Amino acid sequence: WVLMLLKDKNMKRAKNNKEKIDIDKSYNLDECISLIKTTSNAKFDETIEISIKTNCDPKDSEQNIRGYVNLPHGSGRKTIIAVFAQAGDTEKAQSAGADHVGATDLIDKVSGGWTNFDLAISTPEMMGNVSKIGKQLGTRGLMPNPKNGTVVDSANLDNAIKQCKAGRAMYKLDKDANIHSVVGKASFDDGKIAENIKDIVNTINSNRPSKVKGEFFTSMFLSSTMGPSVRLDINSVID
């Protein structure tokens, strides 16, 4: 009966949250964040995520968007980082906050199927060996790439790790032409959530594939872990 009571309570909370939202309305950024925070009333600090419907063709490799954004106020999530570096950089990487550091030993571990990390960073010297596990890393969007700041030389290794630890959000196009990304926690100040949202949306917008026809973004929604989705007015986000 305890489980039934809890289920009934959660259903009532979900119903009450949905009644606060007009599903036919697009809310401006400030209104949307306020609604999301109002409906994020679970007994834990809920994660806020943005979902963007695009006009991309997921079957076209040139439109297969993916990348990272260093959110100005962090994501609120703990990012587990694996670093592929030679012995001389091991201590530096560990001191900067890397969770897993190694060279061929770490490569062998990943080759065996282990990928319990959220982000991979490599020094240029290691990329020849890291390419051997490209399949394991690529399928999860973890392959280090100089374009998104995950291939860095020894001098900048500690700074790159600290930036990623501070709050780096990943975005990539799924098979339905949607992009999902974390933008913060319900406990964040409204202004900080707004800045994170603008940063990631405008970063994605600046990387619009040239082959995309018509409008790039067709709809946007914000949602929290246990709350309903709220339609976001696209024009209130893009600079």
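Q: Is D60 buried or exposed?
A: Burial is read from relative accessible area: under 20% is buried, over 50% is exposed, and in between is partly exposed (1.4 Å probe, protein chains only). D60 has a relative accessible area of 14%, so D60 is buried. This is a predicted model, where local features need pLDDT of at least 70, side-chain atom pairs count only at pLDDT 80 or more, and totals for chains, interfaces and linings use all residues. Residues are numbered from 1 along each chain as its sequence is written, and side-chain values use heavy atoms, with hydrogens and water left out.

Q: Which side chain meets D60 in a salt bridge?
A: A salt bridge is a side-chain nitrogen of Lys or Arg within 4 Å of a carboxyl oxygen of Asp or Glu. Here K211 meets D60, at 2.8 Å from N to O. K211 lies in the loop between α8 (190–206) and β8 (217–224), and D60 in the loop between β1 (47–54) and β2 (66–70). The two are 151 residues apart, so the pair links distant parts of the chain. Helices (H or I, at least four residues) and strands (E, at least two) are DSSP runs, numbered from the N terminus. K211 is partly exposed, at 37% relative accessibility.

Q: How many salt bridges does the structure hold?
A: Four. One of them joins D99 and K165, with the closest N and O atoms 2.7 Å apart. D99 sits in the loop between α3 and β4 (100–102), while K165 is in helix α7, 66 residues apart. D99 is partly exposed at 31%, and K165 is partly exposed at 25%. Another joins D176 and K175, at 3.5 Å. D176 is partly exposed, at 41%, but K175 is exposed, at 72%.

Q: At what angle do α3 and α7 pack?
A: Axes are lines fitted to C-alpha atoms, for helices over the stretch in contact, and angles run from 0 to 180 degrees between N-to-C directions. Helix α3 (residues 87–96) and helix α7 (residues 157–167) pack at about 25°, with axes 8 Å apart. That makes α3 roughly parallel to α7; the label covers angles under 35 degrees.

Q: Which residues make the contact?
A: Contact means heavy atoms within 4.5 Å. α3 supplies D89, K92, A93 and A96, and α7 supplies L157, D158, I161 and K162.

Q: What is the phi of A177?
A: Most residues other than glycine have a negative phi. A177 has a positive phi of about 70°, although it is not a glycine. A177 lies in the loop between β6 (168–172) and β7 (178–185). A177 is buried, at 5%.

Definitions and conventions:
Angles under 35 degrees count as roughly parallel, over 145 as roughly antiparallel, 65 to 115 as roughly perpendicular and the rest as oblique.
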